[in-house]
Amino acid sequence: MNVKGVVTDSTGAPLPGATVSQEGNLKNGTITGPEGRFELNAPSGSRLKITMTGFHTAFAMAGASPINIALRQTTTELTDVVVVGYGTQKRAKMTSAVSSMNAKDIQLIPATNLSNVLAGRLSGTFISSPTGTPGIGSNVKVRSRSSFSNSAVEPLYVIDGIVRDKTSFDALDPNEVADITILKDASSAAIYGSRSSNGAILVTTKTGKSGAAVINFNATYNTQRVGKLPEYMPVKDGLNLSKAVNGGLSDEEINWVLKNNPNGDNYYKAAYTNPSSQRYALSVSGGSEKLRGYIGGSYIKEDGFLPQVSYKKYNLRGNVQANLVKNLTLGLNMGTSYGTRSRFNFTYDYGSDDLNNLWGKLLYWDVFASPYIDGKPNNPGWLGNPIEMMKNGGYWRNSNQQIDALVTAEYKIPFVEGLSIKGTYSKNFDNSYIKTFAKKQQLYNFKKTGPNGLIYTDTLVGTTLSGDPGTQYLGNEYNKSNTYQLNAQINYDRTFGKHTIGALAVYEQYEGYTNYFSLYRYNFPLIATDQFLYTSANNADWSTNGNEGQIGRLSYIGRINYDYDAKYLFSASVRRDGSTNFAPDKRWGWFPSVSGGWVISREGFFQSSKLGQVVDFLKLRASYATTGNDILDKDDPNSRWRWMEQYIIQGGTYYMGASGTPAPRLAYGGLPNSNLTWEKSNSAGIGVDATLFKNVRFSFDYWKRKSYDILGSRILAIPNEFGASLPPENYGKVSSNGIEIELGYNNNIGKNFSYNVKGVFTYATNKAIKKDVAANTQDYANPIGKTLAYGRGYQALGVIRTQDDLNKLPAGYTINGVAPALGDMLLADLSGPDGKPDNKVDSYDQMVLGNYFGADNAPIAYGLNISLSYKGFTVEALFSGLTGYKISYNDAWGRNFGGGGKVPQYHADSWSTENPNGTTPKMYPWGDPHSAGYTWTSTFNVYNGGFLRMKYLNINYKLPDIVLNKLAIKDTRIFLAGSNLFNITKFKLYDPEVSQFMSYPTMRTFTAGIDIKL
């Protein structure tokens, strides 16, 4: 009999592409059409089987027509449409390694930077936060470093199809983001060609949808507390140790400190205020089939715990799409962000994002010196009073403005089904303005007393100006970037029975211009004020600088996708890139990729097997691709001209003639290399995607990458008469590999309780294959076969505790040129100039101490996401961590014993005749050669840096529908949240994730907020 019917999803929406077949006779089957309809000849009473990727299998009896079948989704992820390069693709049909997340995962997080919310959520990514400074984002790395050169190591950032940078990415507010996709493997990223070696991060901003207008308002208020601070010994212990090592302290003076400044933190307390932040976001979206729109804005302000440290940002976005003519869709997407980062000005911070110099001094500044005496700023000597430097020493302020405009037009060719053409034009401006002002502060000198003249009294003896800044100044810096991207694209996507073909061809043109100008004026004749009117009129006190840059790229891109019955999947792409970074005959390169997949779970033999009863979806993937990197040196603007001879005006001056008239210098830029080319990588990968027991989601990827043509300097012997250095060449090689795992489970218990758990795990490593080293290089210094982040140092054998231990050493045994003494750390003699131990511990005795040093180089990243819902309550928790890396402890004194009352915990429990069982070596005055045991990098001061951080916790409550209906509100959630609540780690001396000992600390945040939809 002839059986007709319609296949829909649980909401009643038609499902085209579903397979309807007679059970036991798979050859007798058909595919549902565009409206979900099907027609099939089958025996009356026979059983029909209906299958579709992402949905539970359903059955129906052949009988009276029409038959209506509603399929229930297995997991939403399989039917997700994922944004990929220059298009979208169903997750179930993807053949490459991609991770993605929806905006709902991050919309309640009050983050000042988008990168700060990624940790622990996506496999294949390494997210580290080197500082907690307001306005500074996290470091983002996709998989592993593939180059030892100073080329770009960050992933490519693409926002709404337009190539941007991390500054633009961080400037986005979570409220305006629809989804984020990470292109992890080469086959997915290769479509971006010469900038894809480090992966790509794709962001899609929100658009309007047809339907009634939806108004969304979100407000949060946060209070913050300082996280992990560097650990110091108790003040009493520190003072007594200083007295024993350096002398110059009396019991009277020690007792005075213990009475008046018992914790040694009076400067820290004088500077500290409990910081807070607030965020407000408002958006409106909606429209009709003809016109849809979204407009949203946000404001966020975050204060630091130190004077003048703050960040604020305004975001505004409008996105309109119109179907004014049949088959034609026009779009206009405009966004702007204006952020201002402020902090105090200190010469020796050198512009550091984490304020790693002055602020850290608050923790160990002179324990005898009060910051204020009788309300007057005390002068403790040296640079001055840190509190006054922060409050009245000037400021550094950076305002950054992003302006983006994207115009799109897409036309569906009416006479060719599935064919469309699309054009986009984007104009982007990035304006940065820095104003910096530095002035001396008025300080007061007070009389000192005590046996060593260390105790301050309230007797005023005079005034002075602070030592920092050495010269007062006012400066402005302007940096402007102006870029555009033009794309013309042809798309074809059509299904013929069980065959689906998708293809695209793209023309892309990109140009960028940069302008930089700076002006500094030094000295103020009358009064130091932050206006140029008051600066010196003498041009000898002026300093100016400036430069301009230009870059262009041209690309031709093609891709084809094919699948048969959503079972056999194939994808291939190629990109032809041209870049002005190279000589005219070296500008073009090819970047191909190919990948395939097999959805085994759609095979009849699998579905009828016992395994098929357990595994709902199973897909195998494999890929191979070539990617590139056209950035030669990310820190040298002249590097892109190394293929031609350059003559550079140097920043310094040359004094000509007897009168010494200053004149600029023209310097030769070095020998050119016209053969410079891209750094390239060939990558292969395999993967598995599976759904088991209808609720378990699993994904696994293994990848391997060979990078070559890496830019580096050759180490070759050339005569001095040659008069120049050889230019860099593309010769280096690096290999890398890794695995990624995602495992999730979701289910319901009864009608009111649901839960979702997802874990992610990433492992990535690398090693140098080819890199020049000097002849006779020691093994520890030879990078070949070692990771790009390995560390070296000495082997510590333990503290020499007794005379017997000392007597056992060979005659003439020295460390750092001196014979070891009782209490010293014994370092191993492993080698010498002849490759054999020589009883001298020096540079020949170093060894490899670890393959990965620093959180940025951790080989393992992991995360755990937990969501629990009961009626209107939801609890969401995120744990994330990095592990497998080492920390080489360092501090403000370079591990030397600096004395004073605040001594790092690193030196606690040191050996002495009174403490012969001390766990750390005997302390020596700064610079003593015996201090090598604790100042040289060794196994003694290298630690496991792994950590697990409670990254985020949110407890929210949705108001009952009965209340919402009365208030005419669609949805309202009230929530409490916390960020960085605790950290589990074996390393206790400071936060293992931050850059260094004195980095601005990671903050713990406590949040209260409300989210309303009208």
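I began with burial: 51% of the 1014 residues in the chain count as buried. I kept in mind that this is a predicted model.

Next I looked up the secondary structure. The chain carries 13 helices and 53 strands. I then checked the radius of gyration, which is 33 Å. The globule rule gives 31 Å for 1014 residues, and the two values are close, so the chain is as compact as a globular protein of that length. I also took the box along the principal axes. The C-alpha atoms fill roughly 110 × 75 × 70 Å.

I turned to contacts. I took those between residues at least 6 apart in sequence, and 70% of them join residues at least 24 apart.

The chain exposes about 44600 Å². Carbon and sulfur atoms supply 55% of that area.

Charges came next. I found 101 positive and 83 negative side chains. The centres of these two sets lie 7 Å apart.

Last, I went to strand β7, residues 67–71. Which residues make up its covered face? They are I67, I69 and L71. N68 and A70 form the uncovered face. I noted the rule behind such a pattern: in a regular strand, side chains alternate between the two faces of the sheet.

I also looked up a partner of β7. Strand β1, residues 2–9, runs parallel to β7, and five bridges join them. Within this pairing I picked out T8, which stands opposite A70 in β7.

Definitions and conventions:
Residues are numbered from 1 along each chain as its sequence is written. This is a predicted model: local features need pLDDT of at least 70, side-chain atom pairs count only at pLDDT 80 or more; totals for chains, interfaces and linings use all residues. Side-chain values use heavy atoms; hydrogens and water are left out. Helices (H or I, at least four residues) and strands (E, at least two) are DSSP runs, numbered from the N terminus. The radius of gyration is taken over C-alpha atoms; the globule rule is 2.2 Å times the number of residues to the power 0.38. Buried means under 20% relative accessible area, exposed over 50%, partly exposed in between (1.4 Å probe, protein chains only). Contact means heavy atoms within 4.5 Å. Accessible areas come from the Shrake-Rupley method with a 1.4 Å probe; for residues, only the protein chains shown count as cover. Lys and Arg count as positive and Asp and Glu as negative; His and the chain ends are not counted. The place of a charge is taken as NZ of Lys, CZ of Arg, CG of Asp or CD of Glu. Two strands pair if DSSP finds at least two bridges between them.
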